[in-house]
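Hi everyone, thanks for making time this morning.

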Amino acid sequence: MPQKTKLGLIYGSAREGRFCDTMVNWAAAEIVNDGRFAASHIDPRDLDRSRAEIGHSLDEADAFLIVTPEYNHGYTGALKSLIDAYNQQLQIKPIAFVSYGGVSGGLRAVEQLRLVFAELHAVGIRDTVSFANPWNRFDSTGALVEPKDAQRAMKTLLARLHWWAVTLRDARATSSYFEVAA
């Protein structure tokens, strides 16, 4: 059996009572169903308690999936703090997004994050799974009420994320990205 690709599943919110937990649980179940990834959960709530553990999880990951809400047309301060604290561990790795929010489905937050990650020499995956007004799309157990379209989009996202993860992992093992332009 081939080794699973290491995926850092990053929570984009640290608020009390956050809906992010429902979204991460949905994404995690889809990742398990996909079967190609071994996911570690990375929560900005843990920044003060387990910096070394978060750093290790980010460093070990071959790719990242960020589950982010949109707050005030942007991404959260907690996510910004995580990115700034660990920017080296995020470099030269692919990053995909599951977003949620009001009418835009969190896409404005994702577009801002794409700019940030481009600056960090990370590869943003074009495909995104977004949920406009998700609060009524999940039942009381956290299951998506009409999952077909979201599952299809997630399948595509994970396939492309996996391709980039393997490609960049192999490239990092054979040559230094930062020495190429030296």
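Let me begin with a question: which residue forms a salt bridge with K80? The partner is D84, and the closest N and O atoms are 3.1 Å apart. One thing to keep in mind as we go is that this is a predicted model. Both K80 and D84 sit in helix 3, which covers residues 77-85, and they are four residues apart, about one turn of the helix. K80 is partly exposed, at 32% relative accessibility, and D84 is partly exposed too, with a relative accessible area of 43%.

Now let's look at the other salt bridges. A search of the whole structure turns up twelve of them. One joins the side chains of D62 and R172, with 3.8 Å from N to O. D62 is in the loop between helix 2 (51-60) and strand 3 (63-69), while R172 is in helix 6 (residues 148-174), so this pair ties together parts that are 110 residues apart in sequence. D62 is buried, with a relative accessible area of 8%, whereas R172 counts as partly exposed at 27%.

Another salt bridge links D127 and R160, whose closest N and O atoms are 3.0 Å apart. Here D127 belongs to strand 5 (residues 123-132) and R160 to helix 6, so the pair ties together parts that lie 33 residues apart in sequence. D127 is buried at 12% relative accessibility, and R160 is partly exposed at 44%. There is also a network of salt bridges that links R18, D21 and D43.

In what order do the five strands come? They form an open sheet in the order 2-1-3-4-5, and the pairing is parallel. Strand 2 (37-42) and strand 5 stand at the edges with a single partner strand each, so one side of each has no neighbour in the sheet. On average, neighbouring strands of this sheet are turned by 20 degrees against each other, ignoring direction. If you zoom in on strand 3 and strand 4, you will find them paired in the parallel sense over six bridges. L65, for example, has A96 in strand 4 as its bridge partner. Helix 3, where we started, lies across strand 1 (5-11), strand 2 and strand 3, and runs at about 140 degrees to strand 1.

On to the aromatics. The structure holds eight aromatic pairs. In one of them, the rings of F131 and F138 have their centres 5.7 Å apart and their planes at 50 degrees, so we call that pair tilted. Is F131 buried or exposed? F131 counts as buried, at 1% relative accessibility, and F138 is buried as well, with a relative accessible area of 8%. Both belong to a cluster in which ring pairs link F19, W26, Y100, F131, W135 and F138. Elsewhere, R15 lies over the face of Y71, at 3.6 Å from the ring centre.

One last stop is Q91, in the loop between helix 4 (87-90) and strand 4 (94-101). Q91 is buried, with a relative accessible area of 18%; the cut-off for buried is under 20%. Leaving aside neighbours within four places in sequence, which residues is Q91 in contact with? Those contacts are L120, H121 and F178.

That's my tour, and I'm happy to go back to any part of it.

Notes:
Residues are numbered from 1 along each chain as its sequence is written. This is a predicted model: local features need pLDDT of at least 70, side-chain atom pairs count only at pLDDT 80 or more; totals for chains, interfaces and linings use all residues. Side-chain values use heavy atoms; hydrogens and water are left out. Rings of Phe, Tyr and Trp (its six-membered ring) pair if their centres lie within 6.5 Å; planes under 30 degrees apart count as stacked, over 60 as edge-to-face and the rest as tilted. Buried means under 20% relative accessible area, exposed over 50%, partly exposed in between (1.4 Å probe, protein chains only). A charge sits over a ring if NZ of Lys or CZ of Arg is within 6 Å of the ring centre and within 35 degrees of the ring normal. Helices (H or I, at least four residues) and strands (E, at least two) are DSSP runs, numbered from the N terminus. Contact means heavy atoms within 4.5 Å. A salt bridge is a side-chain nitrogen of Lys or Arg within 4 Å of a carboxyl oxygen of Asp or Glu. Two strands pair if DSSP finds at least two bridges between them. Axes are lines fitted to C-alpha atoms, for helices over the stretch in contact, and angles run from 0 to 180 degrees between N-to-C directions.
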